[in-house]
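Trainee: I would like a close look at one part of this model. Please take me through it step by step.

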Amino acid sequence: MTGWLGALAFSAVVLGVAMTIVAYMTWLERKVAARMQNRIGPYEVGFPHGWLQPLADVAKLIVKEDITPRAADRLLFNLGPLLVVVPALVGFAFVPVAQGVAPVDHPYSFLFFTAFASLTLLGVFAAGWSSNNKYALLSALRLVAMVASYEIPMIVALLVPAVLAGSLRLTDVVEAQRGLWFAAYPLVGQASFGIFLVCALAEGNKSPLDLLEAESELIAAYNVEYSGIKFALFYAGEYAHTLAICALGATVFLGGYLGPAPVPGLVWLIAKTAALFVLVLWIRWSLMRMRIDQALRLNWLVLLPASLASLLAAAWWVVRG
Amino acid sequence: MPAPEIVEALRVRFGAEPAPLGVSLPAASLLAAMRALRDTYGYRSYVTATALERDGRFEVAHAVRDVEMNDTLFVRVRVQRDGAEIDSLAFVYAGAEWHEREILDLFGIAFRGHPDPRRILLPDEYVGHPLRKDFAIETPWGYRP
Amino acid sequence: MSASAVRVVEREFGELALNMGPQHPSTHGVLRIVLHLSGETVVRAVPSIGYLHRGVEKLAEHLAYDQLAPVFERDDYLAPTANSHAFVLAAEALGKIEAPRRGRWIRALVAEWQRIASHLVWLGTLGLDLGGALGGGTTLYMYCFREREKILDLMESLTGTRFHTNVNMIGGARYDLDAETAARSSALAAEIEAALPSLAALSGGTPIFRERTRGVGVIPKDLAMGIGVTGPTLRGSGIRFDVRRAAPYDAYDELPFEIPIRAAGDAEARFQVRMDEIVQSLGIVRRIVEGLPAGPIFSRKPLKNPKATKLPAGEAYVAVESPRGELGFHIVSDGGAKPYRLKISAPSFRNLQVVPHLLPGGLVADVVAILGSLDPVMGDVDR
């Protein structure tokens, strides 16, 4: 892929695919949640399964009035949604789809992915701060306290497959799972997969760790002052972020595109990502929310020591041979 | 109704007379009587406070309860209508605070020593005391129930 | 608080004044609490009520006794018949009117079904508060309301309306129970009893719920008595008082049932008390249907002119045990066709007074847990 025109076309394709998947994941969430609650979910729009619902939602949000509070910090207020959506979507570019094939195959793609995933933090904080609203501010402060804390065990747990594979290139990490998925490695792999899952809940602001957006306390929290297309970007960005984390988990712990032929690798990858996503949804729609001090205690006293221990164990195992 | 010895003790110490649902006290001895009821006679639970306007005077009745003996006592105090002021029980029974605020909101009776004498149910800037008998319900379009 | 007062608080004390305004998903109606926060910790809480004040006590002085029972059903709108029940009992006490046994048992039946329905709403909204509308709380909410729908359908077949059933009259009940509705009632009681364990597991059985409610909002006994909290809030603090046993009315002196008590005084204790109350109410409902006496349901002569009913002069205070606690009506009559003064002693008003004592020291997340465990209904608070 050479030339800036080719690069532009290429990114448009990746963006289009990613955004469509994100939009239809919202449909999936609403259906899964509804069935868990004894209801049907989207039904009318795109009868009989509501498959046009995401399009209707996006169309509605685009035509809504875009209100910026007079006292808000304009630059950060407008930057917030972008900082949430763009890094999440960029992450999709690193996921390998077939042997040795990824939209961007970089020697340090693993690191880039996690770095971009962390950038969404900045977007949320910018939104919470610039809204000039106490509820948004409380949410931004909780973000700094909680989500930033949960990043640490997540990255340490993610390093375990990198150590076991001996490389930071995502394609190598997937190839190293030809024998056994990293999530199935006794104790070390299983523990780090579990820690990763819990931290993925925190990253994606899903119950029981959705303190950021605790709707019953802080109402819509960091995006309370947003309307119209900016709100749509936040909404899409949150889903894209969760999906990106699920895709990373599927790639790094569940073997990515590996799976028996004749089913193509891309389908396996999407199936595994969707499975992780549905697992996250299942947890989200069943459990209640934790309190901030309980969530932080869980992080610093349980997840961090466990992830460090599994990283050390993985390193020792690799060095031993 | 409380045990006869309690009624007798209230009569002797505070000048209480029998009244509907309980006893009636002179306004001056309200505070001391309620403290005695709470500490000595076991009426430790607060129930509610009522006020009404009768024969040109206000009556305020505090209801307290002895949970163990299962008795509810209404202690009544009468004050004149204009410039009505009685002692607040907010520091004797914590639950009296909001009930007295409701009475001062709807009747306009002042409570001496109340920690927070603001209106509670009506907006702060409301003029008038609706539950007084001279306050007529009338809507702008002339409906009267 | 005015804007300048807020600035003073924030400058002088370094606290954040956060307004949980009348419009909020978790304040159980239009309740306003101004929270003074230091970080996430609540330092001071100032509740502000009156947003739903409708002047029902003043209105009562202008309407006839027989007209009034349905009006009061709009006070505590989650257990409507409890209000009219208390009013009707107070009027009967004033007028020395005795309702026939069958009428009294039917009134008790509807009251207990509404207790179960109200507790289901409480549980569902507690889930919403603790879990969020975009999370596990909604699942609990949907399940609770599904069960409640069945109860409302039963009420509809008994009285014609789902909710403000209008079944209480001075002198008896308005609607009679036929054999088919009685069978439906028993079948429904069995159904809800079967569904209860899953509701309990989805809430109290989860560690996160237990952690959110254990030790949160502890009401010590002295505070409970001094403030005058009532209902499950009182019984969750270890004080054994239930109006159905203390001053029995209608069928309750003939029906055996237990009063759940917990000593801990925290939100979890109140949760357990209410869950046990649902079980007890299901038992009462079953016994009422089994032992329903035959006979008339209304004891007065047919009312030619309901507005002309006069009650003798005097005063009466009668309370019922509504799902929120002791709901009492104090009626003062001057012998006329309208009450001279009518005072409603509302349980949610009494329970809400404990909020400024409970909230400080907890986190913002505890505010919703505490409010949910107190179960206030603003219609009851403001009347």
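How many residues of chain A are in contact with chain C, and how many of chain C with chain A?

Mentor: Keep in mind that this is a predicted model. Now to the count. On one side, 27 residues of chain A take part, and they are in contact with 41 residues of chain C. Next, the area. The size of an interface is often given as the accessible area lost when the parts come together. Here chain A and chain C bury about 2,900 Å² between them. Of that area, 60% lies on carbon and sulfur atoms.

Turn to the charged groups. The count between chain A and chain C is one salt bridge. A:Arg291 and C:Asp366 form a salt bridge through their side chains, at 2.9 Å from N to O. Polar contacts come next. Seven residue pairs are in polar contact across the interface of chain A and chain C, with both residues at pLDDT 80 or more.

Which parts of chain A supply the side that touches chain C? Three helices each supply at least two residues: α5 (134-165), α8 (215-218) and α11 (292-320) of chain A. The most comes from α5(A), with four residues. Sort the residues on this side of chain A by type, and you get ten nonpolar, six polar and eleven charged.

To review, find C:Asp366 and A:Arg291 in the structure, the two partners of the salt bridge. Then trace α5(A), which gives the most to the side of chain A that touches chain C.

Notes. Residues are numbered from 1 along each chain as its sequence is written. Chains are lettered from A and ligands numbered from 1 in the order in which they are written. This is a predicted model: local features need pLDDT of at least 70, side-chain atom pairs count only at pLDDT 80 or more; totals for chains, interfaces and linings use all residues. Side-chain values use heavy atoms; hydrogens and water are left out. Contact means heavy atoms within 4.5 Å. Buried area is the accessible area (1.4 Å probe) that two parts lose on being put together, summed over both. A salt bridge is a side-chain nitrogen of Lys or Arg within 4 Å of a carboxyl oxygen of Asp or Glu. A polar contact is a pair of N or O atoms within 3.5 Å; within protein, one must be able to donate a hydrogen and the other to accept it, and residues adjacent in sequence count only if both atoms are side-chain atoms. Ala, Val, Leu, Ile, Met, Phe, Trp, Tyr, Cys and Pro count as nonpolar, Asp, Glu, Lys and Arg as charged, and the others, Gly among them, as polar.
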